[in-house]
Amino acid sequence: MAEVVIVRDADEAGEIAADMIEALVRRNPDVVLGLATGSTPLTTWASLAGRGLDFSRARGFVLDEYVGLEPGHPESYRSVIDRELVIPLGFSPELVHVPGENGTIETAGEDYENAIERAGGVDMQLLGIGRTGHIGFNEPGSSLASRTRVKALAEQTRRDNARFFDSLDDVPTHCITQGLGTIQRARHLLLLAFGEAKARAVAGAVEGAVTASLPASVIQLHEKVTVIVDEGAASGLLHANYYRYARDNRFDWQKG
Ligand code: GLP
């Protein structure tokens with residue numbers, strides 16, 4: 001079962017997520033992190049920034065990228081991850097990878113899978129969740145075993161992401177995303193979600209049927225998952241009281 005941690009707000013979630021990442025990078029400076037963009041991880045990056053950690057040897061694999069934006073576009077996930085994570089935290093840019101960056105788009109999915117494998121796999125994969133229940137850009141209907149590939153974006157996702165662009169028409173129609181099978185191979189999944197708008201997706205992901213109709217529900221098949229949500233995002237959970245009880249009553253050896 002996923003460990004579900006219900007917190008006050010996004011700042012507290014960011015502290016806990018940053019504690020987990022700090023522990024990993026202190027244990028292994030060459031850690032392989034699965035990185036997410038979007039607004040959700042921002043408090044995690046902010047919390048990490050004040051800790052004096054050395055990320056220069058850490059490897060990173062970003063979940064997804066738009067297809068069709070010109071290189072250097074400020075809203076490409078390459079630009080976003082450089083601006084929000086690589087530069088402020090001192091990652092080495094050449095060790096942080098974004099799907100579709102090199103080579104031809106036709107082989108980009110396979111190339112990315114191979115690169116992840118060569119790095120020894122992802123130690124911890126950070127995940128946000130879309131209102132459609134997507135993780136990465138795996139929209140409803142995605143195969144639970146899928147690998148990195150080009151996909152069309154759902155209309156809802158394009159509308160949700162239009163806030164980053166001048167208009168809805170400027171939002172790309174396609175993306176390249178790690179598949180649900182790719183994500184499942186990470187050794188630890190860390191999913192964060194904030195606000196009531198995410199409540200339905202979170203409840204489906206954690207407690208609903210495992211189904212391609214709610215792609216994030218695939219996390220239920222993973223042996224090591226941590227879900228950190230604020231009260232709003234937790235508001236659809238049937239077993240919230242149990243999660244709180246379980247968290248408050250961990251043995252010492254289960255902590256940290
Ligand atoms: C975006 C990204 C996802 C992200 C999700 C939630 O479209 N492709 O990787 O996790 O949707 O975004 P946000 O964190 O801004 O709510």
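Helices, of at least four residues, and strands, of at least two, are DSSP runs, numbered from the N terminus.

**View 1. Meet the whole chain.** This is a predicted model. Nine helices and 10 strands make up its list of elements. The radius of gyration is 17 Å, close to the 18 Å that the globule rule gives for 256 residues, so the chain is as compact as a globular protein of that length. Along its principal axes, the C-alpha trace spans about 50 × 40 × 35 Å. Of the 256 residues, 54% count as buried. The chain exposes about 11,800 Å², and carbon and sulfur atoms supply 50% of that area.

**View 2. Follow the open sheet.** Seven strands line up in the order S1-S10-S9-S6-S2-S3-S5, with parallel pairing. At the edges you will find strand S1 (3–7) and strand S5 (96–97), each pairing on one side only. Strands of a sheet pair through backbone hydrogen bonds, either parallel or antiparallel.

**View 3. Zoom in on strands S6 and S9.** Strand S6 (residues 124–127) and strand S9 (residues 189–193) run parallel and are joined by three bridges. Look for Leu126, which stands opposite Leu190 in S9.

**View 4. Visit His73 in its loop.** His73 sits in the loop between strand S4 (64–67) and helix H3 (77–89). Its relative accessible area is 16%, and buried means under 20%, so His73 is buried. A polar atom of the His73 side chain lies 2.9 Å from the backbone nitrogen of Glu75. Leaving aside neighbours within four places in sequence, His73 is in contact with Ser79 and Phe165.

Note on methods: Residues numbered from 1 in each chain as written. Predicted model: local features only at pLDDT ≥ 70, side-chain atom pairs only at ≥ 80, totals over all residues. Heavy atoms only, no water. Buried < 20%, exposed > 50% of the residue type's maximum accessible area, 1.4 Å probe, protein only. Polar contact = N/O pair within 3.5 Å; in protein donor to acceptor, adjacent residues only side chain to side chain. Contact = heavy atoms within 4.5 Å. Pairing = 2+ DSSP bridges. Rg over C-alpha atoms; globule rule 2.2 N^0.38 Å. Areas by Shrake-Rupley, 256 points an atom, 1.4 Å probe, with all protein chains shown as cover.
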